[in-house]
Amino acid sequence: MSSGNLQPYTYTPSSYRLKYCSDLDKDVLSSNFEKRGWTSVNQDEDWNFYWASVFTIKTLFNSLECHYRLNDYQVINHFPNHYELTRKDLMVKNIKRYRKELAKEGNPIAERDEMGAFKFLDFIPATYMMPADYNLFAEDFKRDPNATWIMKPAAKAQGRGIFLINKISQIKKWTKDKWSGISAPLGREGYVISKYIDNPLLIGGKKFDLRIYILVTSYRPLKCYWYRLGFARFCTVKYTSSANDIDNMFVHLTNVSYQKQSV
């Protein structure tokens, strides 16, 4: 798509029918748009709604060549820089920055207990970026050598690349195998490592998580729509904190891509 061909759209009474475009060939999208009577157009034509890939969003709003600005009648499916919240490492970075800003302002939300832990901002466990924060992680590990930690790729989904560790030697070996011979930091795949919650809430003895969806239409001012229905994902094997099952992802991960393989 050539961003230079995107032209301003002028609303007239004869052009009231919504126009959509998408660079993803998915029937679930096109069938829903057409069911609403929307008209399909190309990316370089006038459009009201654009279901764009992450790459397209970056091209439109973050590239040096294109500084596209939406008009009031145009809507897209991603906010520019949305990956600041959807990438695991960037999300952790922004949450930590948010905590620091609140603490600096003296906001009571950033209050800590006598142990120095946040009272109200403790919704994520201790988390470090790897390999950048390895030394900080190692110090934390030594303070609680019996703890279990969970390692996740920063930019992957569906449970790919996730594993648990309970020994510092495991992370040392993994680091050597993963990044051996890679000198440039940009060539290393980023990971996050978090202290594992080893006493999770269970249903029927199994781990689960809840998915609830919220549509954010504006950040300034913040405007959200909460979809009242959601769904739960369950592990297929009952939970145990035994070290013997540390590698059994059917016990620890609720990702459907994993759990469907156990059926």
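Leaving aside its neighbours within four places in sequence, which residues is Thr148 in contact with? I found Leu164, Ile165, Asn166, Ser194, Lys195, Tyr196 and Ile246 in contact with Thr148, where contact means heavy atoms within 4.5 Å.

Before going on I noted that residues are numbered from 1 along each chain as its sequence is written, and that side-chain values use heavy atoms, with hydrogens and water left out. The model is predicted, so local features need pLDDT of at least 70 and side-chain atom pairs count only at pLDDT 80 or more, whereas totals for chains, interfaces and linings use all residues.

**Thr148.** I placed Thr148 in the loop between helix H5 (134-143) and strand E6 (149-153); helices (H or I, at least four residues) and strands (E, at least two) are DSSP runs, numbered from the N terminus. Thr148 counts as buried because its relative accessibility is 18%, and buried means under 20% relative accessible area, exposed over 50% and partly exposed in between (1.4 Å probe, protein chains only).

**Confidence.** I read an average pLDDT of 85 for the chain, with 88% of the residues scoring at least 70; pLDDT is the predictor's confidence in each residue, from 0 to 100. Over residues 182-187 the pLDDT is below 50, and this stretch has three contacts in the model beyond near neighbours in sequence.

**Sheet.** I traced an open sheet of four strands in the order E5-E8-E6-E7, with antiparallel pairing; two strands pair if DSSP finds at least two bridges between them. Strand E5 (127-130) and strand E7 (163-165) stand at the edges with a single partner strand each, so one side of each is left without a neighbour in the sheet. E6 is joined to strand E8 (residues 191-195) by five bridges, the two running antiparallel, and Lys152 stands opposite Val192 in E8.

**Helices.** I saw helix H4 (residues 88-105) lying across E5, E6 and E8, at about 130° to E5, while H5 lies across E5, E6, E7 and E8, at about 140° to E5. Axes here are lines fitted to C-alpha atoms, for helices over the stretch in contact, and angles run from 0 to 180 degrees between N-to-C directions.
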